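Here is a short briefing on how two chains meet. Take a look at the model first, and then we can walk through the contacts together.

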2 protein chains.
Amino acid sequence: MRNTDSIIRRAEKQCASRGTRLTKKRKYVLTGLLESDKALSAYELIAVCKEKYDEDIPAMSVYRILDFLQGEHLVHKLNTASKYASCANIEDDKVGCYSQFLICRSCSKVKEVGLKPSMMAELQATVQDASFKLVNPQLEMNCLCDDCA
Amino acid sequence: MRNTDSIIRRAEKQCASRGTRLTKKRKYVLTGLLESDKALSAYELIAVCKEKYDEDIPAMSVYRILDFLQGEHLVHKLNTASKYASCANIEDDKVGCYSQFLICRSCSKVKEVGLKPSMMAELQATVQDASFKLVNPQLEMNCLCDDCA
DNA sequence: AATTTGGATGTTATGATGTAACATCGATCC
DNA sequence: GGATCGATGTTACATCATAACATCCAAATT
């Protein structure tokens, strides 16, 4: 079990050092994702903020907050699921390590696993051979978790 | 340039042998995808069928047709883009070879490339280590094509 | 040929995700 | 206090997708 408070304090400092602010609502959204082992949609996050903090955040704001948190490398968007998850490496200083996301198609449980450099290199090579440029090397894998299987 | 007609005839036979039918509208949708090097959304396919065949197909029908074509392994859904593309191996008999899709985030151009068994094995191993089961090993890579880069 | 039957398609309404444009709020700086 | 600028609110709308029910049509049966 990770300590949400200490992660939030770290994130706060990180934002401050970059000249941005982790506001109250941004904290609520980030905390919602930190305390969930499942990826959540924007609308699910609205519900979480309402239930846990009695805070009404309009959809537009949640999307903006999610954009902000992605920009701060605190949150990932899982495009195949249209849901969001906090970065696994949010607790430590590892940065720039590309990831493989295992997403349960039934319950949205997510695990983020580092991608070996050798794998990354091979995928990258394929992309270059096809005259494409890799923009965001985020591998999302359509899975079932052990509970749902 | 591949021969759309001969592919359609192959697909027709394949359906017949499975006890399904490649109807006129299903052919229109499949042809639309075959003749595009870009992935197309359901609504873009509606427009293509209207322009090329003067055929009005309601959205609901296009989605059903796309489901059917996926079931026949003639079409892929690219989840990260919410668009659809014809199978690259639709011309030959290769089956069951897992794919890596390079998708231009700007213009939706798609290339489907076979995934090496060694890569597949490694990804699969990661999934198992995390107690997940891989459902659909379709790697979608967020790229830019050379034209858009 | 008429009838039946089941899959394919049409219609309507609605849900889910996401964004554009513009208004307002609120913390910090002078 | 007032100016300023980023954060948030409001409204409207675009896009993707499906549920529920009606109808059509082609092949099989009589």
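Between chain B and chain A there are two salt bridges, each being a Lys or Arg side-chain nitrogen within 4 Å of an Asp or Glu carboxyl oxygen. This is a predicted model, where local features need pLDDT of at least 70, side-chain atom pairs count only at pLDDT 80 or more, and totals for chains, interfaces and linings use all residues. Residues are numbered from 1 along each chain as its sequence is written, chains are lettered from A in the order written, and side-chain values use heavy atoms, without hydrogens and water.

**The interface**
- B:K116 forms a salt bridge with A:E122, with the closest N and O atoms 2.8 Å apart.
- In contact (heavy atoms within 4.5 Å) are 33 residues of chain B and 33 residues of chain A.
- The two chains bury about 3,000 Å² between them, 70% of it on carbon and sulfur atoms; this is accessible area (1.4 Å probe) lost on being put together, summed over both.
- B:M119, B:F132 and B:V135 supply 20% of the area that chain B buries against chain A, more than any other three residues.

- An open sheet of four strands runs in the order β4(A)-β3(A)-β6(A)-β5(B), with mixed pairing; strands are DSSP runs (E, at least two residues) numbered from the N terminus, and two of them pair if DSSP finds at least two bridges.
- β4 (110-114) of chain A and β5 (132-136) of chain B stand at the edges with a single partner strand each, so one side of each lacks a neighbour in the sheet.
- β6(A) and β5(B) pair in the antiparallel sense over four bridges, and A:L144 stands opposite B:K133.
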